[in-house]
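Hello,

Here is the structure I promised to hand over. Please open it first; my notes follow below.

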Amino acid sequence: MSELEFRTAIRDALDEEIERDPSVVFFGEDVALAGGVFMTTPGLHEKHGQERVFDTPISELAMAGAAFGAAVTGLRPVIEVMFGDFMALPMDSLVNQSAKFWYVSNEQASVPLVVRSAVGAGGRFGAMHSQIHGSWFQGIPGIKVVGASNPADAKGLLKSAIRDDNPVIFLEHKRLYSVKGPAPTEETVPLGKAAVAREGRDITLVSALRGVRDCLEAAEALASDGIDVEVVDIRSLRPLDHETVLESVAKTNRVMLVEEGTRVGGWAGNLLGIVAAEGLHELDDAWIVATDDTPAPYSPTLEDAWLPAAGEIAAAVRERLGVSARV
Amino acid sequence: MAGTQTERARERKDQPGESPAEYLDRYGRMRLIRRFEQEIHRLFLKGEVHGTTHLSAGQEAVPVGVCSALEPDDYVAGTYRGHGHALAKGTDPEALAAEMLGRATGVCGGRAGSMNVVDLPNGLVGCFGIVGGSIAAATGAAVSAQRQGRVAVAFFGDGASNQGYFHECLNWAQVFDLPVVYVCENNFYGEFTPMASVTAGGEIGIRAASFGMRSQVVDGNDLWAVREAALEAVGGAREGAGPTLLECQTYRHYGHSKSDPAKYRPPDEVERWLARDPLDLARARLLDLGLGEEDLSATDAEIDAQMDRAVEGALAAPYPDPAQQSGSEFRE
């Protein structure tokens, strides 16, 4: 089976959709001539030309506004807001224009646009280049929020996002760009559907993006302790697929949610609230592992302690289940 | 100066779009906006229009003059003071009134209200409740328009020229030579605050120079002057000459919103501007150009009857039924 690197999956999805649909345009800071600061978009400008792929000023608000106006007049823009932290800048256009247009206009037109960003900590980028903005947008009707944990999903989800008629926030975790995995077997991955990344009977771990890989690594360690872990990759924060989690919990009766973000105001708390409301009778135990309530720190020792890593995830499960690690 | 302009208007009157009869139609559109705002004011006081509303009476020459330079499929983005923008671009007055009244027959089915009207079939990509939002919407529409041979127009107030939207988008449009016209309706007050006390540099039009953008400061109460400036800007945009900033100086007759009696404006200033009511100026010019009082009275009567029918129809329309029209956040 051929292996696909995460960043190549992003590039291929863009390349194929720009090729397939003449209304798709792609723009952002350093995406064209430079090929993206994480080298996710090299060659697209050369192949598709200035009309379709172009560099913009460092003006995130204008970028999102341009994408909105273009989307309601016939184009399907994909924009790159380089780091998730920068998403505070274009929020007015995304929240008040793109997200509301379909409903408020009485469905005169929808807003087919995608906003890609590199997100997440662990790269020693410090407090203003490490946030995940998924939860900022999760509470806004009219905008989808998705992100992948592996290359195959990255390609399929991005293609679905570009083909979707609604605005989509697309999260790309920095510590996944160099990850390799199997190439996709399907053309697209549906938006709004979680995936069971690993089957198990004893406990359900739910995470997103890089956290899914950490949970899978923790699951391997826990298997040697005799704990059979199921891992759910939530993949979409809005719509939020609580059904898949409920199905898993009906089997395992325990759920631990792992979020790279704070417990208050995070997607994990939202999801657990719904799971509890809908499936309390299935739950023997439920809790959240999240980051500390501080901005992401810079120093390697501080940042590593701040992030929920595989070892911490496995330890949290063992402690809660009263199982000692086998050494 | 008025005489000179009238002479120029006389000289041009045989050119396409420049006949007195066509200006009489434009005057009629201005009167429609005035009458619409008066009716909305009345209906607000009766409790039929909800929340708040921002009236544009006094500023009619700007949207009518600018939109007279556009094709029906060109794009316009307006503001929360947007009734005039919609009517100038061709929105049906009854559907617009019904929207203000929250009725099912409203141009947005009652979902938008006064501040957020969208009318895509008439090229209105939206009116925006956030100061400066229209600037972005028109800039984006211009990205499409550049590929479609169309032009986009943003209407916004003097207050919006201090928003990030203004500076980011004007730079963007000039960098990409977008076919967009930025029309600042400078009514000299950002909400309750005098423009001069919060705006550096005096004129807003001169800000274009820092982007290398063409600009003009225009008498926004003079329909002829606005149209002339708009024709040049729109024509240039369509021919690939890029964007223009037009600062149209005008004045609102009402306060900022329905909670504002506008007591902060000096009486002599108000008097000075009321003496330059754009409808009165247009009437005088049309008489100078050879139309008779009876032509103007006939137009007035026709517009008043149209407005009466629109309000009557809107008031008779049903409210949306939540069970039938709750809608969904996403397009499937």
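Start with the interface: 32 residues of chain B are in contact with 31 residues of chain A (contact means C-beta atoms, placed from the backbone, within 7 Å). This is a predicted model, where local features need pLDDT of at least 70, side-chain atom pairs count only at pLDDT 80 or more, and totals for chains, interfaces and linings use all residues. Residues are numbered from 1 along each chain as its sequence is written, while chains are lettered from A and ligands numbered from 1 in the order in which they are written.

On the side of chain B that touches chain A, strand S2 (124-128), helix H6 (133-148) and helix H7 (164-175) of chain B each supply at least two residues. H6(B) gives the largest share, 9 residues. Helices (H or I, at least four residues) and strands (E, at least two) are DSSP runs, numbered from the N terminus.

Next, the core. The largest nonpolar core has 189 residues. Such a core is a set of buried Ala, Val, Leu, Ile, Met, Phe, Trp, Tyr and Cys residues joined through C-beta atoms within 7 Å (buried: 20 or more other C-beta atoms within 10 Å of the residue's own). Its largest share, 9 residues, comes from helix H3 (residues 60-71) of chain A. Domain 1 (3-182) and domain 2 (195-321) of chain A both contribute residues, so the core lies between them; the bounds come from an automatic or database domain assignment.

B:Ala138 is among the residues with the most contacts inside this core. B:Ala138 touches A:Gly69 and, among others, B:Tyr75 and B:Val180.

Best wishes

Methods. Two residues are in contact if their C-beta atoms, placed from the backbone, lie within 7 Å. A residue is buried if 20 or more other C-beta atoms lie within 10 Å of its own, exposed if 12 or fewer, and partly exposed in between; C-beta atoms are placed from the backbone. Lists of a residue's contacts leave out its neighbours within four places in sequence.
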